[in-house]
Amino acid sequence: MMPTNDQGFTVLRKRILKERGLDLSQYREKCLKRRIDVRLRATGVHNYPEYMVVLKKDPLEYEKLFDTITINVTDFFRDKSAYRFIETRIIPELLSSKKRKGMKIIRAWSAGCAGGAEPYSLAIFFHQVLGKRIGDYHISIYATDIDKKVIEKAKRAEYEANAVSGVDGKILKRYFNYHLKYTLKEEIKQMVRFKRHDLISEKPIAHLDIIMCRNVLIYFSRHLQVKLFNRFYKGLNRGGYLVLGKTESLNGVASGLFKPISIRERIYQKI
Ligand SMILES: C[S@@+](CC[C@H](N)C(=O)[O-])C[C@H]1O[C@@H](n2cnc3c(N)ncnc32)[C@H](O)[C@@H]1O
């Protein structure tokens with residue numbers, strides 16, 4: 001039986017904040033406990049106070065704990081229909097609106113980008129939709145994550161065959177080089193800028209046309225979700241798009257800030 005001692009849990013959370021600066025108070029408690037319990041089992045201890053002793057003795061355990069908390073599962077074109085919608089509706093609409101305003105700058109943000117599949121998928125779509133006109137635009141896709149290790153991995157843009165198994169053959173051939181691994185071509189890599197960034201404690205990126213924050217908010221409390229929706233609202237240009245994960249949706253006051261473009265695909269537009 002794993003411990004559910006709330007006092008021990010709060011003390012552990014405070015210790016992690018003090019020692020490593022990671023504030024877990026706004027993550028969903030049930031979900032967080034489930035993850036921490038994985039490390040309790042792995043280190044053979046039975047409760048949170050015992051686990052704090054492990055953390056004190058073995059500083060490397062912090063890294064393992066953080067790896068477990070920030071599950072980095074991701075995939076190229078994760079949820080195909082959502083990406084199809086982005087390719088066929090959002091990008092063309094955005095380009096028309098830029099044309100009307102005579103603007104050539106496009107800024108997008110993949111917040112909680114894990115190993116880079118999400119921002120690179122977006123970059124590939126911009127490249128495909130624009131074709132030869134790509135050089136007429138200045139496209140910046142910012143990609144951030146709290147986990148330094150995944151950011152480093154994402155920058156390398158190298159993927160094992162199983163990580164690209166769902167990618168359409170034509171895209172694979174056009175945008176990746178293959179030598180033992182699949183590596184994205186420079187023309188796509190250079191469209192994406194990676195940076196470590198904590199969504200909870202740091203300011204969001206501003207002047208954006210698209211924010212993709214998919215499969216990240218599910219780990220956060222409702223209160224923090226609302227706070228982040230407000231920040232995203234401020235970070236977006238007027239008419240900018242917010243793309244959430246398939247199981248996420250706007251809640252509370254935030255639903256007054258955006259209008260749904262596709263409820264099914266969880267795509268919203270700043271009012
Ligand atoms: C399940 S992955 C989602 C990856 C990608 N967005 C997708 O949908 O394929 C969740 C990511 O959120 C990141 N994350 C968790 N807490 C975060 C925080 N406070 N700030 C920024 N990123 C965070 C994790 O490190 C992880 O890489």
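**Notes on the ligand site and the domains**

1. Let's start at the ligand: one of its oxygen atoms is 2.6 Å from an N or O atom in the side chain of threonine 74. A polar contact here is a pair of N or O atoms within 3.5 Å. This is a predicted model, where local features need pLDDT of at least 70, side-chain atom pairs count only at pLDDT 80 or more, and totals for chains, interfaces and linings use all residues. Residues are numbered from 1 along each chain as its sequence is written, and side-chain values use heavy atoms, leaving out hydrogens and water.

2. Aspartate 145 places a polar side-chain atom 2.6 Å from a ligand oxygen, while a side-chain N or O atom of aspartate 198 is 2.9 Å from a ligand nitrogen. The protein covers 99% of the 600 Å² of accessible area (Shrake-Rupley method, 1.4 Å probe) that the ligand has on its own.

3. Now for the neighbours. The ligand is surrounded by 22 residues (a heavy atom within 4 Å), and the closest are Tyr27, Thr74, Gly112, Asp145 and Asn215. By class, this shell holds 10 nonpolar, six polar (Gly counts here) and six charged residues (Asp, Glu, Lys and Arg).

4. Finally, the domains: an automatic or database assignment gives domain 1 (6-69) and domain 2 (80-270). Their C-alpha centres are 31 Å apart. Seven residues from domain 1 and 11 residues from domain 2 make the contact (heavy atoms within 4.5 Å).

Key:
A polar contact is a pair of N or O atoms within 3.5 Å; within protein, one must be able to donate a hydrogen and the other to accept it, and residues adjacent in sequence count only if both atoms are side-chain atoms.
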